[in-house]
Amino acid sequence: MSSIGTGYDLSVTTFSPDGRVFQIEYAAKAVDNSGTVIGIKCKDGIVMGVEKLIASKMMLPGSNRRIHSVHRHSGMAVAGLAADGRQIVARAKSEATNYQSVYGEPIPVKELAERVASYVHLCTLYWWLRPFGCGIILGGYDRDGPQLYMVEPSGISYRYFGAAIGKGKQAAKTEIEKLKLSEMTCREGVIEVAKIIYKVHDEAKDKAFELEMSWVCDESKQQHQKVPDDLLEEAKVAARTALEEMDAD
Amino acid sequence: MNFMALKQPENSLLGSESDSQRTLYPYVTGTSVAALKYKDGILMAADMGGSYGSTLRYKSVERMKPFGKHSLLGASGEISDFQEILHYLDELILYDNMWDDGNSLGPKEVHNYLTRVMYNRRNKFNPLWNSLVLGGVKNGNKYLGTVSMIGVNFEDNHVAT
């Protein structure tokens with residue numbers, strides 16, 4: 001699947017003869033090398049989960065948050081270069097508070113997704129900036145109900161029922177497609193997301209990982225927050241059991 | 001309300017009133033707010049009037065608002081400046097929530113923040129024309145404080161403006 005750009009890949013302001021911008025594609029590769037990030041839209045809200053690959057046993061669990069709240073009603077999960085992700089989150093927070101300040105209501109999720117995508121795209125237009133090396137899954141709950149968006153390093157943003165980025169995205173997408181999302185509540189969704197992340201985690205290549213999950217749903221009063229500890233534990237247990245049953249076959 | 005216009009002596013350094021961009025005097029005002037600590041927490045009281053000079057023009061003005069998880073803010077003085085302060089505080093609380101780390105700003109922290117805001121505005125000769133009463137309970141600890149429009153602040157068991 002990889003191709004060599006030879007000469008047309010030195011700058012993000014150069015097209016190749018077949019109409020590709022190689023720098024953006026390389027940025028997407030950075031995302032593909034990161035831990036899996038999943039988002040699903042359930043009946044009553046959004047659930048997002050991140051497979052945080054642990055680089056060292058010395059790291060404190062719960063540190064290095066990959067899912068950030070952007071406003072009360074929405075959050076972003078980041079895959080790829082973490083430092084780039086922080087920049088984007090900071091910008092999204094700024095856009096959200098600015099919108100609230102000017103228009104007096106929380107920023108609609110569609111508007112937020114457009115602004116984030118526009119910012120990411122901005123950094124693909126100038127030779128003195130490099131594209132962001134991260135993919136973002138944005139979930140929020142506004143007047144039009146729960147919505148899920150994904151933003152790629154190219155600046156493309158689409159709305160999804162279920163999205164996955166990172167190492168295990170192909171396998172994760174297959175699993176998500178099996179789920180009946182329109183009939184699922186977020187509580188059930190949390191369990192399913194945990195199961196998928198445990199399933200697509202590659203035991204051989206990456207040793208340990210920490211599961212981080214967040215939701216925004218009716219149960220959380222349409223506020224974006226970390227999944228409560230007891231539910232998270234329940235999800236982890238269910239995921240490990242499902243994995244053992246699979247291995248037993 | 002021209003009868004409230006500032007009469008300046010000839011050698012005044014304040015400059016012409018019509019050129020000024022800063023707050024000169026309040027228009028719609030609230031009267032006193034009183035608060036006290038009791039065994040189980042804080043009690044704060046204020047009336048619901050917004051006066052335009054000597055006329056009681058607005059009769060359902062809420063001069064006390066809860067915000068965040070732990071605090072209550074009451075204000076006397078210019079109502080529009082109070083609304084501006086609430087706007088600042090909303091943003092402050094929002095940023096605090098976004099950390100999502102189990103911690104939240106308590107009344108003492110907010111009191112300090114407001115003191116800095118009021119004092120800095122006073123130093124620019126553009127005060128927020130309010131006397132604020134800030135009370136709350138966090139982790140069982142009761143807190144009651146006040147800030148004036150020139151930035152004087154203190155904490156006590158009972159305060160009033």
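**Chain B and chain A, piece by piece**

Modeller: Happy to. Chain B has two helices and eleven strands. Keep in mind that this is a predicted model.

Colleague: In what order do the elements of chain B run from the N terminus on?

Modeller: They run β-β-β-β-β-β-β-α-α-β-β-β-β.

Colleague: And what box do the C-alpha atoms of chain B fill?

Modeller: Roughly 55 × 30 × 25 Å, taken along the principal axes.

Colleague: Let's do the helices of that chain. At what angle do H1(B) and H2(B) pack?

Modeller: Helix H1, residues 79-98 of chain B, packs against helix H2, residues 107-123 of chain B, at about 135°, and their axes lie 12 Å apart.

Colleague: Is the crossing of H1(B) and H2(B) left-handed or right-handed?

Modeller: The crossing of these two helices, H1(B) and H2(B), is right-handed.

Colleague: Which residues meet there, in H1(B) and H2(B)?

Modeller: From H1(B) you have Ile85(B), Tyr88(B), Leu89(B) and Leu92(B). They meet Val110(B), Tyr113(B), Leu114(B), Val117(B), Met118(B) and Arg121(B) in H2(B). The residues of this contact of H1(B) with H2(B) come out as nine nonpolar, no polar and one charged.

Colleague: Nice. On to strands: what order does the open sheet of three strands in chain B have?

Modeller: The order is S3-S2-S11 in chain B, with antiparallel pairing. S3 and strand S11 (158-160) of chain B stand at the edges with a single partner strand each, so one side of each has no neighbour in the sheet. On average, neighbouring strands of this sheet are turned by 10° against each other, direction ignored.

Colleague: How many bridges join S2 to S3 in chain B?

Modeller: Six bridges join strand S2 (residues 33-38) of chain B to strand S3 (residues 41-46) of chain B, and the two run antiparallel. S2(B) and S3(B) form a hairpin with two residues between them. As for partners, Val33(B) has Ala46(B) in S3(B) as its bridge partner.

Colleague: And how many bridges join S2(B) to S11(B)?

Modeller: Three bridges join S2(B) to S11(B), and this pair runs antiparallel. Ala34(B) stands opposite Ala160(B) in S11(B).

Colleague: What's the strand order in the open sheet of five strands in chain A?

Modeller: S3-S4-S5-S6-S7, with antiparallel pairing. The edge strands are S3 (67-71) and S7 (157-159) of chain A, and each pairs on one side only. From one strand to the next, the twist averages 25°.

Colleague: How many bridges join S5 to S6 of chain A?

Modeller: Seven bridges join strand S5 (residues 134-142) of chain A to strand S6 (residues 145-151) of chain A, which run antiparallel. Leu138(A) stands opposite Tyr149(A) in S6(A).

Colleague: Last topic, the chain A helices. How far apart are the axes of H5 and H6?

Modeller: Helix H5 (residues 186-200) and helix H6 (residues 229-248) of chain A have their axes 8 Å apart and pack at about 45°. H5(A) and H6(A) are therefore oblique to each other, and H5(A) passes H6(A) in a right-handed crossing. The residues of the contact of H5(A) with H6(A) divide into eleven nonpolar, no polar and six charged.

Colleague: And at what angle do H4 and H5 of chain A pack?

Modeller: Helix H4 (residues 169-178) of chain A packs against H5(A) at about 150°, with the axes 10 Å apart. H4(A) and H5(A) are therefore roughly antiparallel to each other, and H4(A) passes H5(A) in a right-handed crossing. Ala171(A), Ala172(A), Glu175(A), Ile176(A) and Lys178(A) of H4(A) make the contact with Ile196(A), Lys199(A) and Val200(A) of H5(A). The residues of this contact of H4(A) with H5(A) divide into five nonpolar, no polar and three charged.

Colleague: Great, thanks!

How values were computed. Residues are numbered from 1 along each chain as its sequence is written. Chains are lettered from A and ligands numbered from 1 in the order in which they are written. This is a predicted model: local features need pLDDT of at least 70, side-chain atom pairs count only at pLDDT 80 or more; totals for chains, interfaces and linings use all residues. Side-chain values use heavy atoms; hydrogens and water are left out. Axes are lines fitted to C-alpha atoms, for helices over the stretch in contact, and angles run from 0 to 180 degrees between N-to-C directions. Helices (H or I, at least four residues) and strands (E, at least two) are DSSP runs, numbered from the N terminus. A crossing is left-handed if the near helix is turned anticlockwise from the far one by less than a right angle, and right-handed if clockwise. Contact means heavy atoms within 4.5 Å. Ala, Val, Leu, Ile, Met, Phe, Trp, Tyr, Cys and Pro count as nonpolar, Asp, Glu, Lys and Arg as charged, and the others, Gly among them, as polar. Two strands pair if DSSP finds at least two bridges between them. Angles under 35 degrees count as roughly parallel, over 145 as roughly antiparallel, 65 to 115 as roughly perpendicular and the rest as oblique.
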